[in-house]
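Student: I am new to this structure, and I would like to go through it by question and answer. Could we begin once it is on the page?

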Amino acid sequence: MIKTRKKLIEVALPLVAINEASAKEKSIRHGHPSTLHLWWARRPLATARAVIFSQMVDDPSSLPEQFPTKEEQDKERQRLFDLIEDLVKWENTTNEVVLEKARKEIWKSWRVACDDNRDHPQAEELFNPEKLPAFHDPFAGGGALPLEAQRLGLESYASDLNPVAVLINKAMIEIPPKFAGQPPVNPEASSNPDLYGRKWKGAEGLAEDVRYYGNWMRDEAEKRIGHLYPKIRITEEITRNRSDLLPYLNRELEIIAWIWVRTVKSPNPVYCNQYVPLASTFILSNKKGKEVYVKPVIEGDRYSFVVKKGVPHNLEEVGSGTKLLGANFKCLISGSPISADYLKEEGKTGGLNARLMAVIAKGDKGRVYLSPLHNHEMVIHKAKPDWLPEGDVPKRLTGGTCVPYGLTKWENLFSSRQLVALTTFSDILRQVEERIHKDAVANNSNDSHNIIDNETNSVTEYSNAVNTYLAIAINKTADRNSTICTWDNTRDSIRNTFGRQAIPMTWDYAESNPFSGSTGSIINACAQICRFLVTSPSQGDNRAFQADAQTQSKSRNKVVSTDPPYYDNIGYADLSDFFYVWLRVSLKPIYPELLATLAVPKNEELVAAAYRHGGKGPAEEFFLDGMTQAMHRLADQAQMAYPVTIYYAFKQSERKGNSGTASTGWETFLEAVIQAGFSICGTWPMRTELKNRMISAGTNALASSIVLVCRKQKLDSQTVTRRDFVSTLKIELPKAITQLQVGNIAPVDLAQSSIGPGMSIFTRYSKILEADDSTMTVRTALQLINEVLDDYLSEREGAFDSDTRFATTWFENHKYESDAYGEAEVLANARNVSVQGIVEAGVIQAMAGKVRLLKRSELPDGWDPAKDTRLTVWEATQHLIKRQTEHGETAAADLLTRLGSTANQARDLAYRLYQICERKGWAEEARAYNGLVIAWPELEKLTSKRKSSGEDELTLEFDS
Ligand SMILES: C[S@@+](CC[C@H](N)C(=O)[O-])C[C@H]1O[C@@H](n2cnc3c(N)ncnc32)[C@H](O)[C@@H]1O
């Protein structure tokens with residue numbers, strides 16, 4: 001038997017700080033690993049880091065020999081929380097001081113585990129105090145979790161079924177450490193005295209070579225196909241009606257993008273030989289003061305496009321191009337409708353063409369928008385690709401596909417010029433290996449650099465590594481160079497192919513210039529990769545490999561944190577074929593096994609795709625069986641000193657009724673986890689939404705995922721009855737909820753977080769028998785857990801003063817609406833107070849036979865509890881929110897100081913009122929109570945500052 005200690009994640013987490021850091025991270029691009037290569041549904045690094053840390057560090061309550069009292073445990077837990085708050089910040093991603101502190105804590109707990117288990121028969125293998133267990137994520141995807149494990153000092157293993165994901169993980173965790181500290185081999189660096197002999201930290205040398213050979217690849221490609229990407233000379237004719245272009249007269253400008261519009265033969269018989277534009281908009285730039293649009297000029301049965309500056313008088317019309325509703329358009333010349341069905345028919349028979357609508361060049365201070373030029377339109381016909389990506393575009397995708405319009409093959413998603421560019425880069429990639437060999441050998445003979453050619457790292461391995469990043473750069477360029485990329489007229493830039501998890505039909509598209517230095521260029525792609533490389537952790541002997549999670553055997557004795565696919569949300573394999581076809585042509589000689597198949601393997605992908613499995617029922621069955629298998633592998637293999645953490649995306653829209661958790665996807669998943677032999681001991685809602693959206697009631701914005709904390713179920717588990725289960729829940733759950741509240745759990749997260757301790761009781765037993773001897777289902781258990789939470793929160797109401805209890809019940813029934821005085825009287829009498837008294841307390845208003853609660857906006861400004869002769873918790877809570885929203889946190893903290901010990905009751909009431917609002921769907925009101933609790937730690941900090949400066953607090957006396 002292995003002796004285990006409870007880890008922090010099994011008890012408490014500073015969720016608000018983690019969620020805030022995760023939300024902030026969303027807006028970070030520079031150097032963020034997500035910019036290495038696109039992957040769908042990436043987890044924020046902050047969340048991944050905090051979760052792995054907290055699953056490896058002991059909770060102080062499990063170290064009674066060090067922290068015997070509750071106070072000492074709370075203090076120590078707070079110390080760990082403070083460390084996590086630092087650890088999750090993006091700016092600390094490369095802060096070795098902070099990271100080292102975290103690593104030390106992980107080691108400390110590991111040594112405790114080793115000491116606890118020194119008599120274990122396999123102690124030598126399982127509990128070596130000098131070697132931390134390695135980490136494994138069997139659903140690694142974009143690699144956030146393995147990367148963070150690596151950062152925390154663990155040897156990291158990443159596997160995925162999908163070869164594209166495997167390559168991303170190789171680039172992320174496996175390759176950089178192999179060449180850590182090694183200088184670049186390129187001749188530019190070795191001949192530069194400033195670079196010669198400098199210290200190359202981590203993967204800086206590798207990054208420098210990716211930059212150099214990326215540039216070389218670009219230059220070589222330009223020599224071959226640069227003529228397909230002409231610059232634009234600003235002639236007098238061009239400036240004729242465009243005085244803004246005069247400063248550029250006779251200058252050659254580099255093109256950033258060509259804006260094309262798809263065309264179709266007009267369905268109007270009179271113009272049936274004319275291809276008319278399918279423009280979703282004619283607006284090119286919406287930026288205030290810099291507006292630009294396209295004006296179609298119709299002459300007889302012909303038309304041309306002229307680019308104009310300024311706001312058009314018919315803005316709405318111009319804004320909608322020739323588009324009507326949905327995928328319906330109108331003929332530019334005749335106005336006849338063009339139906340979506342007509343477009344589908346024409347598309348299938350090759351009847352869609354394209355016409356140049358505008359050209360966007362790089363000016364001195366931003367974009368220069370120009371009317372299309374004949375030679376720029378014609379040049380594309382010279383582009384003749386000698387290789388075409390094979391394979392079919394998925395016919396069905398949750399977010400939509402362009403297949404119905406005839407774009408059925410991957411090759412159809414690119415213009416001939418884009419195909420030529422991408423294949424040219426791929427071709428040149430093969431020569432990079434030769435060059436690196438030459439350069440490395442020249443370096444070695446110069447003896448100016450470390451010799452790469454040793455037993456572990458051959459020059460071939462190094463050139464393979466550089467090529468892997470360059471192939472990724474080609475993929476990034478492909479993402480910005482397909483005809484699915486549109487022009488974003490609000491930001492003046494090109495959108496990528498996968499703005500969402502779909503391959504939608506586009507009508508007008510932007511073709512970028514891969515030789516420019518702007519978005520969509522190969523240089524830009526390389527630069528993003530280099531920015532990642534220079535900050536990558538680059539340590540450890542890490543591995544990324546292909547494996548089916550249902551059968552893998554790599555988790556043995558490893559720490560596991562993983563993020564499996566969520567039911568049918570994303571068809572990773574279908575989507576990633578877009579990238580796979582390019583990776584395969586570039587890298588098959590380097591990774592012959594990984595890239596052996598023509599397309600990404602799909603059959604074993606654990607996604608409940610009805611179209612793959614012959615209907616919804618079989619798809620659900622496939623998912624449940626496969627996920628149970630995959631979870632089994634984890635329950636059987638993972639290092640038992642640690643819990644396993646599993647992410648599960650949770651769709652708020654699936655909520656039903658009051659239980660808050662009734663959803664097929666959620667229950668199916670919990671079922672799979674439990675069937676696999678896990679017991680669940682924690683559930684943490686992790687959000688990535690921004691703070692102002694952190695609210696659930698009536699909205700879809702609650703959790704982006706739930707982290708389940710699991711331990712292997714003990715074999716001696718007993719069978720109990722429903723009654724036994726409910727009574728254990730009633731005893732144990734309130735303690736766990738109190739603990740969550742002590743950790744300042746946001747009200748919005750309380751219900752989800754209570755599932756963990758509740759399910760831990762449920763999964764403690766091998767079976768729970770209902771009255772009819774049937775086994776209790778997960779759904780029933782979730783409902784019972786929720787009922788106990790409800791009871792707990794309502795019972796706490798009993799501790800409030802009578803006026804507050806009156807107000808809470810009134811609020812639940814009427815919110816701020818008025819109702820009959822008589823009704824209020826009955827309610828007040830039951831609480832042994834009078835309506836008049838509650839009016840005097842400043843809680844309600846009674847007028848003309850009606851009673852209603854005072855809204856926060858009606859409460860007096862500058863309220864001072866010391867002068868209030870009938871103080872209530874209700875007022876305290878409402879005034880705190882009022883102060884906080886109207887005057888900020890310092891003012892609210894002033895009030896908190898004056899409320900003294902009653903402040904905590906105000907916070908309790910906020911939880912209770914939030915729960916009422918959530919149930920009723922009062923999103924706006926719920927936000928207020930959630931916001932107060934979230935701000936609480938900050939208010940307390942400000943309050944303690946005040947106290948130390950000598951401000952008095954007030955003790956409230958209640959009349960009942
Ligand atoms: C939610 S994603 C992981 C995302 C990742 N945590 C990140 O931050 O980027 C789920 C992954 O599971 C992979 N997957 C699906 N079926 C699988 C299977 N049978 N075995 C291994 N991986 C599988 C998908 O390819 C996908 O990359």
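Student: Which residue of β26 does M847 stand opposite?

Tutor: This is a predicted model, in which local features need pLDDT of at least 70, side-chain atom pairs count only at pLDDT 80 or more, and totals for chains, interfaces and linings use all residues. Residues are numbered from 1 along each chain as its sequence is written, and side-chain values use heavy atoms, with hydrogens and water left out. Strands are DSSP runs of E with at least two residues, numbered from the N terminus. β25 and β26 (residues 850-853) run antiparallel and are joined by four bridges, and the residue in β26 that stands opposite M847 is K850.

Student: Which strands stand at the edges of the open sheet?

Tutor: Three strands form this open sheet with antiparallel pairing, in the order β24-β26-β25, where two strands pair if DSSP finds at least two bridges between them. Each edge strand has a single partner, so one side of it is left without a neighbour in the sheet; these strands are β24 (819-820) and β25 (844-847).

Student: How much of the area that the ligand exposes when taken alone does the protein bury?

Tutor: A polar backbone atom of R43 is 2.8 Å from an oxygen atom of the ligand, and a polar backbone atom of E604 is 3.0 Å from a nitrogen atom of the ligand. Taken alone, the ligand exposes 600 Å² (accessible area by the Shrake-Rupley method with a 1.4 Å probe), and the share of this that the protein buries is 99%.

Notes
Polar contact = N/O pair within 3.5 Å; in protein donor to acceptor, adjacent residues only side chain to side chain.
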